[in-house]
Amino acid sequence: MTLYLPRTTTSQITEALMAERLSVGGGAMNMVLTLVIVTDEADHYDAVRAATEAGREHPSRVVALVRRDPDAEPAIDAEIRRPGTSGPGEAVLLRLYGPLGEHADSVVTPLLVPEAPVVVWWPGVGPANPAADPIGRLAQRRITDALRAPDPVSDLLERVSHYSPGDTDLTWTRLTPWRSLLASAMDQPCGWVTSASVTAESHYPSAELLAAWLSDRLDVPVSRETSHGPGLTEVRLTTDQGDITISRVDGRVATLSRFGQPDQTVALSRRAASGALAEELRRLDPDEIYESAARHLEPLLSGSGARG
């Protein structure tokens, strides 16, 4: 059930939330965090749905902010999704009109779960400096998605230049299955890695981040090759004993090839936003591995790091 509160106030929203929790016998004590989504009218449905799916693992109060007509009179329209209909947590959709859109932090603050961490997610184009954003300043973790930008790689580079502990990007989170598979392949005797290559569709920032991670961790030249996709299609590690290759041409199943061994078929599906978001919500401390790879990205792309 959804409760609609047109032209409301934050105090009325808070009272409605309390009444809804009491009606189902729950309370804010069950919420492990507040997830604030800064989105627009076109993306809010998919974003809230992804957050709801992630909330089955991380019961949260989801507050979605949609900025509307900036020239209108200040007003708030709210939708409250009853606990149970939005997973184990609760969801609030706020449409902010007029100048309130520029002061969304003041609107959100009374709706945060007391003494619980705050995570902010920009599912569309995010700010260049998330930690300096008024909403971002409220959060311990700030999640962006450079893939949604008109120029994804440039967008990621600009954000990396403003990195603050707690920042992350879903272009990095989408790499977790690839990084896990590569680490597993190298757990076995594989010789000395002398170079690597990453192949993906053009303007795909996850590929640049993976190349930066490999260059940073292995201290070898890494080339970036282009394919027709979808997404990442191949990673090749060249060693003094032969090549290790992970090839995925359909976005679902990969082939792991190692010198002297039969090929292995591995499930490696492209990740949905809900799965990537759920992973990011598992940790509320800074991701030091992402920071290291991200800081290695700019020198790699500028040519001071090895790149083909």
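Me: Which domains is the protein divided into?
Reply: In this predicted model, the protein is divided into domain 1, which covers residues 2-170, and domain 2, which covers residues 172-267.

Me: And how many Å separate their centres?
Reply: Taken over C-alpha atoms, the centres of domain 1 and domain 2 are separated by 35 Å. Where the two are in contact, domain 1 gives 9 residues and domain 2 gives 8 residues.

Me: What area is buried between domain 1 and domain 2?
Reply: About 800 Å² is buried between domain 1 and domain 2, and carbon and sulfur atoms give 63% of that area. On the side of domain 1, the residues Leu147, Val153 and Leu170 supply 54% of the area that this domain buries against domain 2, which is more than any other three residues.

Me: OK, how many salt bridges are there between domain 1 and domain 2?
Reply: The count between the two domains is 1 salt bridge. Asp145 forms a salt bridge with Arg174, and their closest N and O atoms are 2.7 Å apart. There are also 6 residue pairs in polar contact between domain 1 and domain 2.

Me: Which elements give two or more residues to the side of domain 1 that touches domain 2?
Reply: Those elements are helix 4, at residues 152-161, and strand 9, at residues 167-169. Helix 4 provides the largest share of that side, with 3 residues. Sorted by class, the side of domain 1 that touches domain 2 has 6 nonpolar residues, 1 polar residue and 2 charged residues.

Me: Changing topic, in what sense do strand 10 and strand 12 pair?
Reply: Strand 10 (residues 193-201) and strand 12 (residues 232-239) pair in the antiparallel sense, over 7 bridges. Within this pairing, Val198 stands opposite Val235 in strand 12.

Me: And do strand 10 and strand 11 run parallel or antiparallel?
Reply: Strand 10 and strand 11 (residues 222-227) run parallel, and 6 bridges join them. Here Thr199 stands opposite Glu225 in strand 11.

Me: Back to salt bridges, what does the count come to?
Reply: The count for the model comes to 21 salt bridges. One of them is formed by Asp77 with Arg7, whose closest N and O atoms are 2.9 Å apart.

Me: Why does the pair of Asp77 and Arg7 tie together parts that are apart in sequence?
Reply: Asp77 lies in strand 4 (residues 75-81), whereas Arg7 lies in the loop between strand 1 (2-5) and helix 1 (10-24), so the pair ties together parts that are 70 residues apart in sequence.

How values were computed
Residues numbered from 1 in each chain as written. Predicted model: local features only at pLDDT ≥ 70, side-chain atom pairs only at ≥ 80, totals over all residues. Heavy atoms only, no water. Domains from an automatic or database assignment. Contact = heavy atoms within 4.5 Å. Buried area = accessible area lost by both parts, 1.4 Å probe. Salt bridge = Lys/Arg side-chain N within 4 Å of Asp/Glu carboxyl O. Polar contact = N/O pair within 3.5 Å; in protein donor to acceptor, adjacent residues only side chain to side chain. Helix = DSSP H or I, 4+ residues; strand = E, 2+ residues; numbered from the N terminus. Nonpolar A, V, L, I, M, F, W, Y, C, P; charged D, E, K, R; others polar. Pairing = 2+ DSSP bridges.
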